[in-house]
Each structure stands twice: as structure tokens, then as C-alpha cells.
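This report describes the open space and the nonpolar packing of one protein model. The sequence and the structure are shown first.

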Amino acid sequence: MLPADSTAAEKLACYKGFLKVQTHRLKLRHRAGAGGREICAGRAVMLDALLRHLWETAKSSLSAQAQKEFPPLALVAIGGYGRAELNPHSDIDFMFLHDGQIAANRPLPYLSKLIDGVLYPLWDVGLKVGHAVRSLDDCVKVANTDMQSKTSLIEARLIVGDEALFKKFQKTLVAKCVIGFEEKYIAMRLEDQATRRTKYGNSACMQEPNIKNGCGGLRDYQNLLWMTFFKYHTRSLADLERQEFVSKAERKQLEDAYGFLLRVRTE
């Protein structure tokens, strides 16, 4: 715990120290043979802890009355961070979800305080951050305009903040961006797959494969889950196994292969 009267420099040094120590611990676990998924999830947990701390610190700096009147706001991980799959140097993508806390294209004081309190320390410690500030309507608009954004948002995960607002976001996304878009989305995902394979090699036996985008790489596994989510509302291979789309042996083979690729990417 940092003393309440810590200076900005002291806080920054503490954050850097935390990330350095925890990253080293993950590296030791990786060297000891831990699975790819375990290490990636561990990195996500590390960053969750930092972001929650920054959020709560910014919120606690408000007056007692302001904290009492605090509006529905949430910090939401998206994309790979939403899946809790972070390799070293992966982008840390998240969004500030609000319910009408923007006026004249500027965040209102509550939201502005949180944005500054979270982003500036992350930039100062040198993390590669991708962030957005969105309302529910903004999320629907961007999801239905861009397939990559839609994919990123369906993997969203609440880090900290208003749980009711996050659940409303999830329901809205399915109702307005998934239902009715199934065939179009799957067609675009298959087109994306074909484009990637043309660019990175249409063989799983490349001598120097692209681990993320190549044939049989990480993106192909993710593509499978994204398309089956749209078609059958499943979230995992375990869900697909329960519905008898894959056997237990097939699920284990796929999961082991994916974990291996994540481990290679971490290395």
C-alpha cells in the first residue's frame, strides 16, 4: 500500500517496481515450463491489479459528495486483453464505458478524472496502451461499422466499475450487433482467413511460420471460437464439446496446440 501523501514520482516508482517484479515472476514460471495460457493469463491478472488500483485511487481523490453521486462508469478490457491472453509486449486494449458522461464532445468531470488517473500513469511507466471512451450507443455504432471492433467487443471483460452497466453493454451488443448479423460476420471472418493465408502462407508446415496470423496459427483458433459464438452462442471449446460439435480428444488436441503456440509467442 502506498501512503496517502505519496508524491507522483514515488507512485510511479512503485508501479514500475510492481510490474518489474511480477514480470520477472512470470518469466521464472515460463522458464520452469508453465503453459502458454497460464503465463498469458498471469500477465492479464498483473495488469488488472494495476488498473484497478489506478481507478480506485482516482475515484478516492474525489470529494465525499462526488463519490456518493458517482455515475455508472466501467473500465472494460477488450480484444486479447479481454480474453485475458497477453504475451509480453501485447497491446493493452480497454475502454472507459459510460452512460452519458460526454457533453460537447468532452468528458464530464467524473469521467475526465478517471481517464487521467488511469492513462497518465500507464503512459509514464511505458506501457503500450490502446484505449477508447464509449457509451452503449457508441459501442453499437462502432461494432456494426467495423468487423475487427465487433470482434474485440464481444470478448469484453469487466476490470472494475459498474457491473450493471457492463451487463447492459453485453446484452445490448448481442441484441443489436450479433443477432441478425450471423451470416455476414461468418462470411467476413472466412474472407479474413483467406486473406491472411494468402499473405502469410497457406500451409501449416512453413519453416518460419507466422505464429499469430499464419495457417494453423493463433488467429485460426480464435476465428473458430468467434464464428461459433455468432452461430451457436458458445464461448469455448468446452461449450462446443457439450453440444457435440467436437469430441473430448479433439478439444484437448486443439487446446494443447493453442497453449503451445502461446508459449512459443511468449518465448
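The model is a predicted one.

**The largest pocket**

The volume of the largest pocket is about 500 Å³. Its lining comprises 28 residues, and those nearest the centre are Gly80, Arg83, Lys212, Arg219 and Gln222. Five helices, α4 (79–82), α7 (147–154), α9 (182–200), α10 (218–232) and α12 (248–266), each contribute at least two residues to this lining. Of the elements, α10 gives the most, with four residues. The table sets out the lining of the largest pocket by class.

| Class of lining residue | Number of residues |
|---|---|
| Nonpolar | six residues |
| Polar | 10 residues |

In soluble globular proteins, nonpolar side chains tend to be buried together. The largest nonpolar core in this model holds 34 residues, among which Tyr81, Phe94, Phe96, Leu122 and Leu127 touch the most other members. Two or more residues of this core come from each of α1 (8–31), α2 (36–60), β1 (73–77), β2 (92–98), α5 (109–124) and β6 (157–161). The most are given by α2, with eight residues.

Beyond its neighbours within four places in sequence, Phe96 is in contact with Trp55, Ala74, Leu75, Leu111, Leu114, Ile115, Val118, Leu119, His131, Ala132, Val133 and Arg134.

Notes:
Residues are numbered from 1 along each chain as its sequence is written. This is a predicted model: local features need pLDDT of at least 70, side-chain atom pairs count only at pLDDT 80 or more; totals for chains, interfaces and linings use all residues. Side-chain values use heavy atoms; hydrogens and water are left out. On a 1 Å grid over the protein atoms alone, a cavity is a set of points where a 1.4 Å probe fits but cannot get out, and a pocket is an open set with protein on both sides within 12 Å along at least five of seven lines; lining residues have an atom within 4 Å of a point. Grid points are joined across faces, edges and corners, and a volume is the space filled by probe spheres set on the points. Ala, Val, Leu, Ile, Met, Phe, Trp, Tyr, Cys and Pro count as nonpolar, Asp, Glu, Lys and Arg as charged, and the others, Gly among them, as polar. A nonpolar core is a set of buried Ala, Val, Leu, Ile, Met, Phe, Trp, Tyr and Cys residues joined through side-chain atoms within 4.5 Å. Buried means under 20% relative accessible area, exposed over 50%, partly exposed in between (1.4 Å probe, protein chains only). Contact means heavy atoms within 4.5 Å.
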